[in-house]
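Subject: Structure handover and notes

Hello,

I am passing a structure on to you, with notes on what was found in it. Please look at it first and then read on.

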Amino acid sequence: MVDSIHPPAEAPSIDVRRGPEPVRPRQRRWRLRRRNRYIAAPLVLISINLLLFVTFFVWPAVTGLVYSFTSYTGVGPAPYVGLDNYQRLLEDEAFYAALIRTLIFTAAVVPLTILLSLGTAVLLVTPYTKGKSLARVVFFLPWLISPIIAGVIWRWMFGENFGLVNYLIVSLGGEEVPWQSNANLSLFVVIIAAAWVNTAFNMLLFVAALKNVPTVYYEAASLDGAGSWAKFRNITLPAIAPTTFIVVLLSVLHSMKEYALIRALNEGGPGTANNLLVQYIYKTGFERAQIGYASAASFVLMLILMIVAVVQLSMNRRKES
Amino acid sequence: MAVTTPRPPALRPKRPSAPGELSKKVWATAVMWLLVVVYGFPVLWFLLSSFKPAGDLFSYPLTLFPKNPTIKGFTQAWTSFDVAQYFLNTLIVAVSATVLTIVASAACGYALAKYNSWWLRAFTICVLATTMLPAEVILSPLFLVVRDLGLYNNLAAVVVPAVITATGTFMFRQFFLTVPNDLLEAARIDGSGELSTFVRIMLPLSRPIMLTLAIFSFQWRWNDYIWPLIVLNDPNKFTLQIGVATIVGAENVNWSVLLGASVLSMIPLVAIYLIFQRYVMNADINAGLKD
């Protein structure tokens with residue numbers, strides 16, 4: 001499972017030589033040709049991805065880095081301004097607000113998503129539950145719904161003066177809750193919606209992992225009289241740890257770049273209170289055409305994501321060894 | 001959250017009256033169905049609301065079931081908001097991106113699994129890096145690249161950058177690692193060229209992976225929002241998600257049309273999922289990468 005994170009160490013060596021042989025000219029040419037073929041064939045096979053990687057990843061990354069030192073607006077010249085953009089960014093309150101909101105959002109969504117996806121996965125795997133086939137479809141439904149539509153669905157639920165939630169609260173004798181005009185409550189709704197959306201895919205990963213836990217462990221533990229909770233803690237959790245690691249990593253990366261859901265749910269409102277980082281970058285880059293400045297903000301986001309990934313990978317390595 | 005452990009069914013003789021066993025079943029089932037309601041209700045409410053006439057949407061008391069069910073919201077969305085055009089555009093994007101993704105991922109995954117050299121190992125890490133640093137992070141420079149390539153406002157601009165995916169590549173890589181090398185060696189001894197071995201022997205073997213990736217890729221592209229939004233400018237080229245988002249962004253949200261358009265846009269994916277359910281649910285996506 002973690003295999004994919006590491007370079008393929010166990011990929012079988014192709015060019016197997018069986019001891020020193022006298023190399024005759026003909027054989028040598030044959031071997032040379034064979035070697036060449038093994039360079040040409042994989043190169044052809046990866047060519048599409050290689051081309052795309054260079055064009056849509058390396059090129060923009062390099063130009064982005066260059067533009068982040070300029071005040072480029074998308075047209076005309078790109079005057080060099082040195083570290084000016086980064087300096088301005090450090091003093092930009094809107095950027096800080098977006099960064100902090102993004103971190104709060106991520107810190108709330110990731111644990112909630114993990115809990116819900118692991119919980120639903122366990123319920124779908126355990127023999128104790130009835131009616132799994134329908135439950136599976138319902139739990140998986142949010143994956144099929146796009147973030148935009150999911151945002152609309154939750155906007156419809158939590159509308160301030162038309163939503164079902166407020167209607168129920170009022171008819172139970174409560175007061176209308178300002179789900180849209182209070183910044184913290186808006187963020188709360190976004191967090192709930194994001195957890196609802198993100199559960200399905202992570203659940204899929206957990207289900208696959210849970211099914212792969214060898215049953216003999218559970219049998220042995222049962223013979224020793226271990227209870228359900230003890231078995232879950234001491235067998236299941238360690239066994240699925242590699243999957244948990246990947247789920248945490250991907251959820252963090254995913255939450256840090258959430259945009260579409262918020263766009264449809266409340267447009268980062270009220271006002272700009274809940275603008276997250278990607279929305280901030282989008283607004284500066286494309287609505288105000290400050291490409292240089294937006295590139296600088298992008299690189300800060302990239303740096304954060306890289307730090308997250310590196311820290312998690314190294315923590316995982318240490319745990320493994 | 002009630003936590004129960006997966007336990008091998010029927011490995012031990014069943015004790016029907018075992019104390020705790022029955023209550024565990026009841027509890028686990030109850031919690032699961034509670035969650036089913038929590039996850040399903042917002043969609044159900046949305047779906048039922050879309051059949052209400054515009055006048056009834058906000059009239060108190062709210063009722064779960066529409067009193068005068070109508071499909072006016074759908075027809076209105078279909079005619080007044082160019083939903084048909086958006087459908088067509090999204091379909092073109094999703095299908096072409098899916099086909100290209102499968103071709104590129106299968107070839108690349110095969111190369112990464114079956115050949116060994118330092119530059120292939122380096123490229124493996126490069127492909128992984130694309131997950132860590134997604135398009136959102138390099139939004140503005142990526143836009144400039146697409147513009148400089150002359151793809152701006154062209155559906156190809158949505159398709160082409162999306163073709164390289166770490167998830168797809170690694171799904172195929174993991175699969176081809178499990179294919180025995182003997183097969184490859186045998187083909188070599190028989191004088192089959194490397195590429196023809198791949199096309200004639202290896203590719204047909206990977207059909208289940210292809211189908212799984214096809215569903216995944218179709219879903220990614222169908223639901224994409226921010227990238228199409230940036231590279232498409234002409235309303236005639238909008239995808240469904242942008243179309244729906246423009247309805248949401250309007251000064252006065254026309255909920256009747258919005259509900260209709262949203263429900264319509266969900267139909268294809270739900271249908272595909274219901275048909276190919278087992279390819280999604282049984283997918284052992286241990287590469288575990290999400291786009």
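The notes below go from confidence to the two chains, and then to single residues.

This is a predicted model, in which local features need pLDDT of at least 70, side-chain atom pairs count only at pLDDT 80 or more, and totals for chains, interfaces and linings use all residues. Residues are numbered from 1 along each chain as its sequence is written, while chains are lettered from A and ligands numbered from 1 in the order in which they are written.

Confidence

The model has an ipTM of 0.84 and a pTM of 0.84. Chain B has a mean pLDDT of 84, with 90% of its residues at 70 or more; pLDDT is the predictor's confidence in each residue, from 0 to 100. Within chain B, helix α3 (residues 83-114) has the highest confidence, at 93, and helix α14 (residues 277-281) the lowest, at a mean of 77. Helices (H or I, at least four residues) and strands (E, at least two) are DSSP runs, numbered from the N terminus. The pLDDT is below 50 over residues 10-17 of chain B, a stretch with three contacts in the model beyond near neighbours in sequence. It is also below 50 over residues 287-291 of chain B, where the corresponding number of contacts is 21. Two residues are in contact if their C-beta atoms, placed from the backbone, lie within 7 Å.

Domains and annotations

Chain A is assigned a domain 1 (21-67) and a domain 2 (87-320), with C-alpha centres 39 Å apart. Chain B is assigned a domain 1 (21-76) and a domain 2 (81-281), and here the C-alpha centres lie 32 Å apart. These bounds come from an automatic or database domain assignment. In chain B, nine residues of domain 1 are in contact with seven residues of domain 2. On the domain 1 side, the elements that give two or more residues are α1 (21-49) and α2 (72-80) of chain B. That side has five nonpolar, four polar and no charged residues. Ala, Val, Leu, Ile, Met, Phe, Trp, Tyr, Cys and Pro count as nonpolar, Asp, Glu, Lys and Arg as charged, and the others, Gly among them, as polar.

The UniProt annotation "domain: ABC transmembrane type-1", from an unreviewed entry, covers residues 99-312 of chain A. An annotation of that name in an unreviewed UniProt entry covers residues 87-276 of chain B. UniProt positions are given in the numbering used here, feature names are shortened, and annotations may be inferred rather than shown by experiment. Residues 99-312 of chain A are 77% helix and 0% strand, with end C-alpha atoms 20 Å apart. Residues 87-276 of chain B are 77% helix and 0% strand, with end C-alpha atoms 21 Å apart.

Where the chains meet

In the model, 99 residues of chain A are in contact with 89 residues of chain B. On the chain A side, helix α1 (residues 25-67) gives the most, with 21 residues. The residues on that side of chain A are 73 nonpolar, 19 polar and seven charged.

Core and buried residues

The largest nonpolar core has 166 residues, and Ala193(A), Leu261(A) and Tyr110(B) touch the most other members. A nonpolar core is a set of buried Ala, Val, Leu, Ile, Met, Phe, Trp, Tyr and Cys residues joined through C-beta atoms within 7 Å. A residue is buried if 20 or more other C-beta atoms lie within 10 Å of its own, exposed if 12 or fewer, and partly exposed in between; C-beta atoms are placed from the backbone. Ala193(A) touches Ala150(A), Gly151(A), Trp154(A), Leu261(A) and Leu265(A), not counting residues up to four places away in sequence.

Ala200(A) lies in helix α7 of chain A. It is buried because 22 other C-beta atoms lie within 10 Å. Helix α5 (residues 139-148) of chain B is mostly covered, with eight of its ten residues buried.

Positive phi

Ala289(A) is not a glycine but has a positive phi of about 55°. Ala289(A) sits in the loop between α12 (277-287) and α13 (291-320) of chain A. Asn153(B), also not a glycine, has a positive phi of about 65°, and Asn153(B) sits in the loop between α5 and α6 (155-159) of chain B.

Regards
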